[in-house]
Structures are given as C-alpha cells and as structure tokens.
Amino acid sequence: MALSRDQAVRDSVVHPYAELLVGALRAVGSVTIFTARPLSQESVIRDWLATRLGLQDLAVFCCGDEPKHHAFHRLGFDVLVDDNAQLTKRVGPGTGIFYAPTSVSDLEGALSRILSCTPSWKIE
C-alpha cells in the first residue's frame with residue numbers, strides 16, 4: 001500500500017542535529033523551511049515541524065514544481081542549507097551550504113559556514 005503524500009510527510013524523520021541547527025540560526029536571523037513539496041502540504045509540514053522540533057512559528061515555503069534553486073534566487077534568500085550537494089552547487093558558492101552532519105563537529109562546521117555567508121549573521 002502506498003502512503004499518501006501527507007502521510008509520507010508525517011512519517012518522515014528529522015535529519016540529525018536539525019533542531020540544534022535551526023535553533024542556532026533562529027538566534028541570529030530568520031529561518032524559512034524551504035521545500036520542494038507542493039503548496040497544498042504547507043499545513044502538514046508546519047504541523048510536522050511543531051511535533052518533531054517543537055517549533056510552532058517557523059515560516060514554511062513550498063516551491064512545488066518550481067526548481068528550488070530558481071525559487072531561492074527569485075525570492076532573494078541569503079543562504080540555502082540542503083542535504084542535496086548538487087542543489088547547493090546550483091544555488092552558487094557562498095550561498096549553498098551542504099548539510100549532512102554525522103557529528104556535533106560536523107554541525108559546528110556547517111553552522112560556521114552558514115554564518116560566514118551573511119554579514120548580518122556574523123558573530124564577533
């Protein structure tokens with residue numbers, strides 16, 4: 001039996017260290033969860049985030065059929081963090097950050113790269 005798209009979202013797991021990364025980024029700037037899922041799933045994704053990460057007020061953007069890298073540039077986001085290395089290359093150097101940490105030190109490295117991309121996010 002195939003899962004509905006909504007059920008597939010509900011059954012998804014949180015990427016390791018995602019809660020720590022999102023929390024750290026929210027401390028220095030705004031965070032939008034940017035997904036290729038269809039707009040019709042926005043409320044399901046918002047509920048999933050609230051359940052999995054305990055975050056009720058995250059902005060969610062579903063780009064649907066529009067390629068993520070096109071929507072990213074069109075909307076003027078500063079940094080894209082994604083676990084798809086090809087996508088982060090398409091976004092461009094300095095704005096696409098590959099995120100697939102397996103340890104806290106990997107997480108720290110990703111966070112450092114993210115913060116260095118946006119001057120207003122630099123911590124001195």
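Analyst: Asp 106 is partly exposed, with a relative accessible area of 34%, where buried means under 20%, exposed over 50% and partly exposed in between, computed with a 1.4 Å probe on protein chains only. The model is a predicted one, in which local features need pLDDT of at least 70 and side-chain atom pairs count only at pLDDT 80 or more, while totals for chains, interfaces and linings use all residues. Residues are numbered from 1 along each chain as its sequence is written, and side-chain values use heavy atoms, with hydrogens and water left out.

Asp 106 belongs to helix α6, helices being DSSP runs of H or I with at least four residues and strands runs of E with at least two, both numbered from the N terminus. The C-alpha atom of Asp 106 is separated by 9.6 Å from that of Tyr 17, although the two residues are 89 apart along the chain. Tyr 17 also has its C-alpha atom 8.3 Å from that of Thr 102, across 85 residues of sequence. Thr 102 sits in the loop between β4 (96–98) and α6, and this residue is exposed, at 65% relative accessible area.

Two packed helices are described by the angle between their axes and the distance between the axes. Helix α6 (residues 104–117) packs with helix α2 (residues 18–28) at an angle of about 30°, the axes being 11 Å apart; here the axes are lines fitted to C-alpha atoms over the stretch in contact, and angles run from 0 to 180 degrees between N-to-C directions. The two helices are therefore roughly parallel to each other, a term for angles under 35 degrees, whereas those over 145 count as roughly antiparallel, 65 to 115 as roughly perpendicular and the rest as oblique. Their crossing is right-handed, in that the near helix is turned clockwise from the far one by less than a right angle.

On the α6 side, Leu 107, Leu 111, Ile 114 and Leu 115 meet Leu 20, Leu 21, Ala 24, Leu 25 and Val 28 of α2, contact meaning heavy atoms within 4.5 Å. The residues of this contact divide into 9 nonpolar, no polar and no charged, with Ala, Val, Leu, Ile, Met, Phe, Trp, Tyr, Cys and Pro counted as nonpolar, Asp, Glu, Lys and Arg as charged, and the others, Gly among them, as polar.

Of its 124 residues, 34% are buried, and among contacts between residues at least 6 apart in sequence, 56% join residues at least 24 apart.

Aromatic rings give a further view of the fold. The count comes to 3 aromatic pairs, taking rings of Phe, Tyr and Trp (its six-membered ring) whose centres lie within 6.5 Å, with planes under 30 degrees apart called stacked, over 60 edge-to-face and the rest tilted. One of them is the stacked pair of Phe 34 and Phe 61, at 5.4 Å centre to centre and 10° between the planes. This pair links distant parts of the chain, Phe 34 in strand β1 (residues 32–35) and Phe 61 in strand β2 (residues 59–62), 27 residues apart. Phe 34 counts as buried, at 12% relative accessibility, and Phe 61 as partly exposed, at 23%. Phe 72 and Phe 77 are also stacked, because their ring centres are 6.2 Å apart and their planes at 25°. Ring pairs link Phe 34, Phe 61, Phe 72 and Phe 77 into a cluster.
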